[in-house]
Protein chains: 2
Amino acid sequence: MVVYQHSDLNLTDDEVDRIFRALADATRRDIMRRALVGEESISDLANGYDMTFAAVQKHITVLEGAGLVTKHRSGRERLIRGNPEAIRKARTLLNTYERIWQGRIDQLDALLTDD
Amino acid sequence: MVVYQHSDLNLTDDEVDRIFRALADATRRDIMRRALVGEESISDLANGYDMTFAAVQKHITVLEGAGLVTKHRSGRERLIRGNPEAIRKARTLLNTYERIWQGRIDQLDALLTDD
DNA sequence: CTGATATACAACCATTAGGTTTCATATTAG
DNA sequence: CTAATATGAAACCTAATGGTTGTATATCAG
């Protein structure tokens with residue numbers, strides 16, 4: 001019997017919840033994207049959206065709580081930097097699901113070829 | 001200048017929201033996993049969790065709304081089948097973010113090699 | 001020093017989410 | 001036919017989310 005052991009990502013359910021939850025909002029995905037392109041201050045980020053500074057600040061807090069971005073002080077500013085490692089973890093998890101499905105197909109193949 | 005055009009997934013913000021939102025819950029991820037391994041009825045799925053049938057039914061509705069699973073009638077049962085295509089879309093989107101970050105590195109490389 | 005800018009954070013509000021219980025309907029078993 | 005099973009869906013409750021305004025604090029510019 002073929003066993004598909006999912007790669008151990010050392011992620012708790014809670015951590016995975018937070019990552020996907022953080023990505024489930026278009027504004028946060030855009031902030032994430034900008035923070036991956038290059039560091040930006042919270043004010044600069046906030047200027048890009050039609051909502052208050054405080055609202056953007058909260059979105060950044062959500063991203064930070066998921067480990068998707070980090071804050072770095074620079075004078076009176078806080079620069080927001082995207083963390084590709086967290087993204088990679090989420091992607092790896094999705095790969096696992098795809099392999100589970102692929103596994104089902106492989107088993108079907110095995111049955112058909114009847115080896 | 002190198003432009004990184006993200007692969008067009010033909011996904012609206014709303015669709016992406018729903019996919020990530022649906023994945024942001026451990027129970028739903030487990031239902032998803034089981035539905036990818038093989039079709040199961042709603043009752044069978046519900047028996048695996050410490051919550052009411054109606055609660056599990058709602059989770060399945062969320063997954064279905066995101067296109068992550070589909071329902072197929074079989075007599076009085078509804079079989080839930082995982083849809084790997086939706087998973088693939090989400091993964092591809094995360095790949096895009098990783099490439100954006102990688103792009104930043106490439107640009108830095110270009111600066112350093114000064115060509 | 002003073003005023004302007006950048007951030008943090010609390011209190012509040014409306015909507016959504018995740019759960020429950022209850023009832024209705026469809027299908028199968030006997 | 002009748003009882004049991006499988007699903008659907010409404011009404012309800014509580015907590016979390018996503019937004020607001022308002023206030024406080026830190027830092028920079030001149």
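This is a predicted model: local features need pLDDT of at least 70, side-chain atom pairs count only at pLDDT 80 or more; totals for chains, interfaces and linings use all residues.
Figure 1. The side chain of E85(B) meets that of R88(B) in a salt bridge, with 2.7 Å from N to O. R88(B) likewise counts as partly exposed, at a relative accessibility of 32%. Because the two residues lie three positions apart in helix α5 of chain B, about one helical turn separates E85(B) from R88(B). Elsewhere in the model, D13(A), D17(A) and R29(B) are joined into one network by salt bridges that share partners.

Figure 2. The side chains of R91(A) and E98(B) form a salt bridge in which N and O are 2.1 Å apart. This pair crosses between chains, with R91(A) belonging to helix α5 (residues 84-113) of chain A and E98(B) to helix α5 (residues 84-113) of chain B. Both R91(A) and E98(B) are buried.

Figure 3. R29(A) and D13(B) meet through their side chains in a salt bridge of 3.8 Å, taken from N to O. The contact runs between chains, from R29(A) in helix α2 (residues 26-37) of chain A to D13(B) in helix α1 (residues 13-23) of chain B. R29(A) has a relative accessible area of 4%, which is under the 20% cut-off, and therefore counts as buried. Over all chains, the count of salt bridges comes to 18.

**Figure 4. Helix α2 of chain A, its start and its buried residues.** At the start of α2(A), a side-chain oxygen of D25(A) comes to within 2.9 Å of the backbone nitrogen of T27(A). T27(A) is itself one of the buried residues of this helix, a set that also holds R28(A), R29(A), I31(A), M32(A), R34(A), A35(A) and L36(A).

**Figure 5. K89(B) and I19(B).** K89(B) is found in helix α5 of chain B, and its relative accessible area of 25% makes it partly exposed. Although K89(B) and I19(B) are 70 residues apart along the chain, their C-alpha atoms are separated by 9.1 Å.

Definitions and conventions:
Residues are numbered from 1 along each chain as its sequence is written. Chains are lettered from A and ligands numbered from 1 in the order in which they are written. Side-chain values use heavy atoms; hydrogens and water are left out. A salt bridge is a side-chain nitrogen of Lys or Arg within 4 Å of a carboxyl oxygen of Asp or Glu. Helices (H or I, at least four residues) and strands (E, at least two) are DSSP runs, numbered from the N terminus. Buried means under 20% relative accessible area, exposed over 50%, partly exposed in between (1.4 Å probe, protein chains only). A polar contact is a pair of N or O atoms within 3.5 Å; within protein, one must be able to donate a hydrogen and the other to accept it, and residues adjacent in sequence count only if both atoms are side-chain atoms.
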